[in-house]
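Try each task before you read its solution.

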Amino acid sequence: MRRYARMVKRAGRLLTGRDVLYSYDIHPRKAMLGTVYGGWTLIPEILDRNSVMYSFGVGNDISFDLTAIQRFGMEVHGFDPSPESVQWIAGQDLPRGYTFHSYGLGAMDRTIRFFAPRANSSMYSQDQGHVSASKTEIKLPVQTLSTIVKSLGTRRIDVLKMDIEGAEYDLLTSIVECPISIRQLLIEFHHRSGVKPLSATVKSVEFLRSHGFQLFHVSGTSSEFSFMHA
């Protein structure tokens with residue numbers, strides 16, 4: 001029923017020009033890991049216990065990260081600077097193989113302005129236009145992807161997941177210019193959250209494609225995109 005409801009909603013968005021249909025570049029066997037809320041779709045065959053995942057934006061649902069560890073025995077690094085996430089993670093019984101970092105992904109290594117969430121949300125965003133953002137400002141630390149891979153000594157990122165509430169649009173260049181290879185890239189685009197228009201997401205998808213990232217999955221909400229690098 002939930003899948004049917006999503007299909008109906010998406011059809012409505014397509015008819016009113018608020019969504020587009022994306023063709024897939026490749027058609028591998030896929031698997032969705034995690035809960036309905038926190039799950040992501042990836043290609044399982046190319047992952048094993050030697051794989052490394054970077055998970056940017058963990059919130060209070062790390063079901064995707066934990067399932068990846070359970071299924072593949074892989075190394076997972078979670079990143080989130082928001083105070084609520086830091087506090088929530090501190091109360092979790094994390095498995096071996098999961099390392100949490102209390103900073104986010106940014107264009108520079110520094111402390112930057114975020115907008116705290118409204119009372120009914122927990123989403124921190126760098127953009128005040130986000131539907132969940134309040135007017136309250138807070139300074140939180142971020143680091144560039146190049147700095148992170150160097151400090152952690154990572155040689156290859158097998159899965160990079162980004163759910164960073166609108167900041168993804170300005171960080172795509174740092175993704176394609178990463179000094180090490182990224183095999184699978186999973187991104188939630190926030191054109192439905194008031195941050196950017198749909199056209200910005202379409203342009204971002206084509207930008208990634210032009211740099212060798214092949215699209216193989218789009219979620220029913222047209223927000224989560226899965227790529228594999230050629």
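## Exercise 1: A residue in a loop

Glu-165 has a relative accessibility of 8%, so Glu-165 counts as buried. Keep in mind throughout that this is a predicted model.

**Solution.** 
- Step 1: For background, most residues other than glycine have a negative phi.
- Step 2: Now look at Ser-222, which is not a glycine and has a positive phi of about 60°. Ser-222 is located in the loop between E11 and E12. Its relative accessible area is 1%, so Ser-222 is buried.

## Exercise 2: The sheet

**Task.** Work out in what order the seven strands of the open sheet are arranged, and which kind of pairing they show.

**Solution.** 
- Step 1: Reading across the open sheet, the order is E5-E4-E3-E9-E10-E12-E11, and the pairing is mixed.
- Step 2: Go to the edges. Strand E5 (98-101) and strand E11 (213-218) each have a single partner strand, so one side of each is left without a neighbour in the sheet.
- Step 3: Compare directions. On average, neighbouring strands of this sheet are turned by 15° against each other, direction ignored.
- Step 4: Zoom in on one pair. Strand E4 (residues 75-79) runs parallel to E5, and four bridges join them. Within this pair, Gly-78 stands opposite Phe-100 in E5.

## Exercise 3: Helices on the sheet

**Task.** Identify which strands helix H2 touches, and which strands helix H5 lies across.

**Solution.** 
- Step 1: Helix H2 (residues 63-72) packs on the sheet and touches strand E3 (52-56), E4, E5, strand E9 (157-162) and strand E10 (182-188). The direction of H2 makes about 170° with that of E3.
- Step 2: Check which residues of H2 are buried: they are Ser-63, Phe-64, Asp-65, Ala-68, Ile-69 and Phe-72.
- Step 3: Follow the chain past the helix. H2 is followed by Gly-73, which has a positive phi near 70°.
- Step 4: Turn to helix H5 (residues 168-176), which lies across E9, E10 and E11 and runs at about 175° to E10.

## Exercise 4: Cores and rings

**Task.** Find how many residues the largest nonpolar core has, and describe how Phe-56 and Phe-79 are arranged.

**Solution.** 
- Step 1: The largest nonpolar core has 34 residues, and those with the most contacts inside it include Tyr-54, Phe-56 and Leu-160.
- Step 2: Ask which elements build this core. Those that give two or more residues to it are E3, helix H4 (145-152), E9, H5, E10, helix H6 (198-210), E11 and strand E12 (224-229).
- Step 3: Take Tyr-54 as an example. Beyond its neighbours within four places in sequence, Tyr-54 is in contact with residues including His-77, Phe-79, Leu-145 and Leu-160.
- Step 4: A second, separate core has 19 residues, among them Ala-31, Ile-62, Phe-72 and Val-76.
- Step 5: The count of aromatic pairs comes to seven. In one of the pairs, Phe-56 and Phe-79 are stacked, with 4.4 Å centre to centre and 20° between the planes. Phe-56 lies in strand E3 and Phe-79 in strand E4, so the pair ties together parts that are 23 residues apart in sequence. Both Phe-56 and Phe-79 are buried.
- Step 6: Finally, look for the aromatic cluster formed by Tyr-22, Tyr-169, Phe-189 and Phe-225.

## Exercise 5: Charged partners

**Task.** Determine how many salt bridges a search of the whole structure finds, then trace those made by Asp-158 with Arg-156 and with Arg-183.

**Solution.** 
- Step 1: The search finds six salt bridges.
- Step 2: Asp-158 meets Arg-156 in a salt bridge of 2.8 Å, N to O. Asp-158 is buried at 1% relative accessibility, whereas Arg-156 is partly exposed at 37%.
- Step 3: Asp-158 also forms a salt bridge with Arg-183, where the closest N and O atoms are 3.9 Å apart. Asp-158 lies in strand E9 and Arg-183 in strand E10, so this pair ties together parts that are 25 residues apart in sequence.
- Step 4: To finish, find the network of salt bridges that links Asp-25, Glu-206 and Arg-209.

Note on methods:
Residues are numbered from 1 along each chain as its sequence is written. This is a predicted model: local features need pLDDT of at least 70, side-chain atom pairs count only at pLDDT 80 or more; totals for chains, interfaces and linings use all residues. Side-chain values use heavy atoms; hydrogens and water are left out. Two strands pair if DSSP finds at least two bridges between them. Axes are lines fitted to C-alpha atoms, for helices over the stretch in contact, and angles run from 0 to 180 degrees between N-to-C directions. Contact means heavy atoms within 4.5 Å. A nonpolar core is a set of buried Ala, Val, Leu, Ile, Met, Phe, Trp, Tyr and Cys residues joined through side-chain atoms within 4.5 Å. Buried means under 20% relative accessible area, exposed over 50%, partly exposed in between (1.4 Å probe, protein chains only). Rings of Phe, Tyr and Trp (its six-membered ring) pair if their centres lie within 6.5 Å; planes under 30 degrees apart count as stacked, over 60 as edge-to-face and the rest as tilted. A salt bridge is a side-chain nitrogen of Lys or Arg within 4 Å of a carboxyl oxygen of Asp or Glu.
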